[in-house]
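This report looks at charged and aromatic side-chain contacts in a predicted model. Please keep the structure open while reading.

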Amino acid sequence: MRSEGEVEIPPSFLAFASRSESFANWLAALPRLIRDVSAEWSLTPDGRVRSGQAGVAVPVRTAEGEPAMAKFGWPHPEAEYEHLALRAWAGRGAVRLLRADPRRSVMLLERADADQDLTSLPVLEACEVVAGLYGRIHLPAIPQLDLLSAQAGRWADELTQLRGDRWVPRRYVDQAVALARDFAADADSDGTLIHTDLHYFNVLAATREPWLVIDPKPLSGEPAYEVAPMLWNRWDEAVASGNLRNALLNRMFALVDAAGLDEDRVRAWIIVREMVNIMWSVTDEADVPDAEWTTNAITIVKAVQR
């Protein structure tokens, strides 16, 4: 990383400049940031740069020749406490944090196998792996984290905007609003360090342990909140099963049973999270939800009804 040409940022990630002026400005400064941090931390490039939705991961070697991953994230609220969650886990079921500069949203991480995630396993076997990881990472919440109950309270108010939407059944909007209000007033909604975005792509194969968690968006919440992303990811496989509802419920029950979760609370959080997904998909230009995303979310909400 001694010169600008040594690290190539994926063009698909550079295309995200159209998202907003702030993201475009961060992207423009990213090559310089990579060079500066690499020089300061004595890192050299060691492979292809990976990218996600909000950051890039650069394979590197440390001054001692050890493999690592330098993660450069776009500063945003969901990523603010990622380094603290990784520090709290201290490598138990998750990649180790080697060094962090929270001000610049940069971390040096233990390197896992970015080419092998849980999509390499049959889906129910992958659910069992994730259920086991829940037990490793669900620790008492660290004090800096935002509260899931507070987030639920905001959602209870915000979700009401969907009541007039002709694409979303009113009964599901009302159900989600009522559940979110209940969670907002429930002390059991808080107190556990949760990942919030734990799914097949955020668990990588490794040598120190068979599987390691990456990319937390931590909250002080409850374990039942974690399940929903395991339903909406690997969607094509659920559709291809021939019985979509059963495929989704099989995933849910695999996680509930293996992790000992409260089934009713899992169902309720799935409903809330899916309706929030619809709300977030509303575009500023058209003021309507994304059709496919909305259809999938409503399908999941229907599937988990009692």
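## Aromatic pairs

W26 is buried, at a relative accessible area of 11%. F23 is buried too, at 0%. Both residues lie in helix α2, 3 residues apart, which is about one turn of the helix. The model holds 11 aromatic pairs. F23 and W26 form an edge-to-face pair, with 5.6 Å between centres and 65° between planes. F23 and W26 also belong to one aromatic cluster with F13, F16 and W74.

Where do W155 and W280 lie? W155 is in helix α5 (residues 148-158) and W280 is in helix α10 (residues 263-281). W155 is buried, with a relative accessible area of 4%. W280 is exposed, at 53%.

## Charges over rings

The charged end of R19 sits over the ring of F23, 4.8 Å from the ring centre. R273 lies over the face of Y225, at 4.0 Å from the ring centre.

## Salt bridges

Side chains of opposite charge can pair when their charged atoms come close. How many salt bridges does the structure hold? There are 20.

R104 and E40 meet in one of them, at 2.7 Å from N to O. R104 sits in the loop between β5 (97-101) and β6 (106-110), and E40 in helix α2 (residues 21-40), so the bridge ties together parts 64 residues apart in sequence. R104 is buried, at 17% relative accessibility. E40 is partly exposed, at 45%.

R111 bridges to D46, with the closest N and O atoms 2.7 Å apart. R111 is in the loop between β6 and β7 (113-117), while D46 is in the loop between β1 (44-45) and β2 (50-51). The pair therefore ties together parts 65 residues apart in sequence. R111 is partly exposed, with a relative accessible area of 26%. D46 is partly exposed as well, at 28%.

## A strand pair and a network

The side chains of R50 and D115 form a salt bridge at 2.9 Å, N to O. R50 is in strand β2 and D115 in strand β7, 65 residues apart, and the pair links distant parts of the chain. R50 is partly exposed, at 23% relative accessible area. D115 is exposed, at 60%.

Which residues share partners in one network? E110, R136, R208 and E209 are joined this way by salt bridges.

Terms used: Residues are numbered from 1 along each chain as its sequence is written. This is a predicted model: local features need pLDDT of at least 70, side-chain atom pairs count only at pLDDT 80 or more; totals for chains, interfaces and linings use all residues. Side-chain values use heavy atoms; hydrogens and water are left out. A salt bridge is a side-chain nitrogen of Lys or Arg within 4 Å of a carboxyl oxygen of Asp or Glu. Helices (H or I, at least four residues) and strands (E, at least two) are DSSP runs, numbered from the N terminus. Buried means under 20% relative accessible area, exposed over 50%, partly exposed in between (1.4 Å probe, protein chains only). Rings of Phe, Tyr and Trp (its six-membered ring) pair if their centres lie within 6.5 Å; planes under 30 degrees apart count as stacked, over 60 as edge-to-face and the rest as tilted. A charge sits over a ring if NZ of Lys or CZ of Arg is within 6 Å of the ring centre and within 35 degrees of the ring normal.
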